[in-house]
Number of protein chains: 2
Amino acid sequence: MKINVEKCARILKEKDNILILTHAHPDGDTVGSGFALCLALKQLGKKARVICADEFIPKYTALIDGCLEMPEFKEEFIVAVDVATENLLGSLADAYAGKIDMCIDHHGTNSDYAKYLLLNADAAAACEIILKVIKAMKVRIDKPIANALFIGITTDTGCFRYASTTSNTYRAAAELIDLGADNATINRIMFETKTRTYAALERLAIEGMEFYCDNRACVITITQDMYKKTGASEFETEGIAPLTRQIEGVELGLTIREKPDGKCKCSIRTLDSVNAADFAANFGGGGHKQAAACRFECGVDEAKRLLLARAEEVLASK
Amino acid sequence: MKINVEKCARILKEKDNILILTHAHPDGDTVGSGFALCLALKQLGKKARVICADEFIPKYTALIDGCLEMPEFKEEFIVAVDVATENLLGSLADAYAGKIDMCIDHHGTNSDYAKYLLLNADAAAACEIILKVIKAMKVRIDKPIANALFIGITTDTGCFRYASTTSNTYRAAAELIDLGADNATINRIMFETKTRTYAALERLAIEGMEFYCDNRACVITITQDMYKKTGASEFETEGIAPLTRQIEGVELGLTIREKPDGKCKCSIRTLDSVNAADFAANFGGGGHKQAAACRFECGVDEAKRLLLARAEEVLASK
């Protein structure tokens, strides 16, 4: 059932022992949404906990005081945040698919799997919606909540630069700063800080950039060997995918990352001319208009062959 | 004489035949300030013109309709925008130093050279102040003015990420988007588009990064030879300087650029621990707390020696 912000807030206020699910390979928006909501529910005297199939990265959690103190309880109500489809829960899908009571999301591709769905595909980040829900619950937004929401908004918009960013996004940011969000520190950590190992990986990635389809497609391949050579981890590669789309003339950027088991996944970045979510859907993936992802059961070479064959078709039709 | 926004608007409304000066090597903020103010004055039926010692870069002017249509007239009132000191006017200083009636600026280092000074060092961009002046003049902000102001604000804050960005900055951005500013296009052009030649130069710059002072200082040197090798121009190097400060542990980033005559200039980028404007002042330059610049009469090797000697002193004292 589709619900609005007020109904969502009303339902949450009635519930207790709330389990909040984030998507696997957690990014700033799912983490920020999960912890902001959890902290708000705790302020209302409720028990709440956030879980994820993968580990939370300290970069996202360090500025959210108290977010990792998670009480144990038997869950009575399950909420998924920023999770478009149940399979994005990763290893948590086995335990929770089909049992999710509420979903709060901003992906137009949301599969409507929860009992209650609060969806706003115009929001640049799920955290923009969570901000409204928390206000509707009449919870005081303190610094940790403001930081959590700011982290989600700034990371999902590439620091307010993607086309998804609206005046509402900027206004939400202004409001959160006035409520104590450490915007300068957060933006520096998220966007202005490269570890030495990441910088080395990025250098290799840039050196290895390949161009196809009359330079309209750009491919970066990150192999396990490159992680070994640079000491970088697969959890610090999110800055790589946007590099493909930044080169003048590139309409479709493909970043193929090899996993330890030899299979791979691909991050897709596009300009207006190509719909990234549609492109990813060809390979069982999904996402947004200009940023999406998919997974492959094959290795990087075969994945590249498949991706480029589709890229040629798509770009030839434009 | 220091004036406030209302007084500034009142004076401008009384004047006509207004010449607006921008600083040499024009960036988005001086260009956006100059053209926004000019377009607003024209709406009031006045004659106004914007000039600069150097050429306006199309990247900054393309989205400001009508900004380059400049009427000829004998100037009766001279306004400098985003110009901290008269020598930053470049070759225009000879003709206009000592004759400037009004200065609208956000540099704390402003030397108070104009008859009237509207200064707000808390503004992240001069365009934030110009927005207030235009509103105080009761001019309707149309799309070209909104675009001009948005360009200034987003470029001077590195797309809202520098520490100078406040909630007022985000609120100004939201207001300008509602008034028609093409935020997505502007941010893509300013921050998400690299020419092939710039991308090649950036690759060389990253490959040549050097670290000093226990990795607390990072130096990039751009030589004339690197421009030749890559085809990049000196007008597309502004993305290079921020790269130095992005490496984990770096507190002081120095980007030394060789000029065609063999002399050089240096862009300084810092974190909280080092004041960039103070550092630049050692070499006759200036700027902001975390971003400043200075010029040298010597070549890049000697400049690097001088800069690193000072860097060691400064970092050792912290």
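Visitor: Which residues line the largest cavity?

Guide: Rolling a probe the size of a water molecule over the atoms shows where empty space is left. In this predicted model, the largest cavity is lined by A:Ile206, A:Met209, A:Leu243 and A:Ile247, together with B:Lys194, B:Ala199 and B:Glu202. That lining divides into five nonpolar residues, no polar ones and two charged ones.

Visitor: What is the volume of the largest cavity, and how many cavities of 30 Å³ or more does a search of the whole structure find?

Guide: The volume of the largest cavity is about 50 Å³, and the search of the whole structure finds one cavity of 30 Å³ or more.

Visitor: How should I read the contact, and how many residues does it take from each chain?

Guide: Begin with the residue counts and the buried area: the contact takes 40 residues from chain A and 40 residues from chain B, and the two chains bury about 3,700 Å² between them, with 51% of it on carbon and sulfur atoms. Of the area that chain B buries against chain A, 22% is supplied by B:Arg161, B:Tyr170 and B:Glu192, more than any other three residues.

Visitor: Which residue of chain A forms a salt bridge with B:Glu192?

Guide: The partner of B:Glu192 is A:Arg161, with the closest N and O atoms 3.0 Å apart.

Visitor: Which helix gives the most to the side of chain B that touches chain A?

Guide: That is α7(B), with eight residues, and the residues of that side divide into 17 nonpolar, ten polar and 13 charged.

Terms used: Residues are numbered from 1 along each chain as its sequence is written. Chains are lettered from A and ligands numbered from 1 in the order in which they are written. This is a predicted model: local features need pLDDT of at least 70, side-chain atom pairs count only at pLDDT 80 or more; totals for chains, interfaces and linings use all residues. Side-chain values use heavy atoms; hydrogens and water are left out. Contact means heavy atoms within 4.5 Å. Buried area is the accessible area (1.4 Å probe) that two parts lose on being put together, summed over both. A salt bridge is a side-chain nitrogen of Lys or Arg within 4 Å of a carboxyl oxygen of Asp or Glu. Helices (H or I, at least four residues) and strands (E, at least two) are DSSP runs, numbered from the N terminus. Ala, Val, Leu, Ile, Met, Phe, Trp, Tyr, Cys and Pro count as nonpolar, Asp, Glu, Lys and Arg as charged, and the others, Gly among them, as polar. On a 1 Å grid over the protein atoms alone, a cavity is a set of points where a 1.4 Å probe fits but cannot get out, and a pocket is an open set with protein on both sides within 12 Å along at least five of seven lines; lining residues have an atom within 4 Å of a point. Grid points are joined across faces, edges and corners, and a volume is the space filled by probe spheres set on the points.
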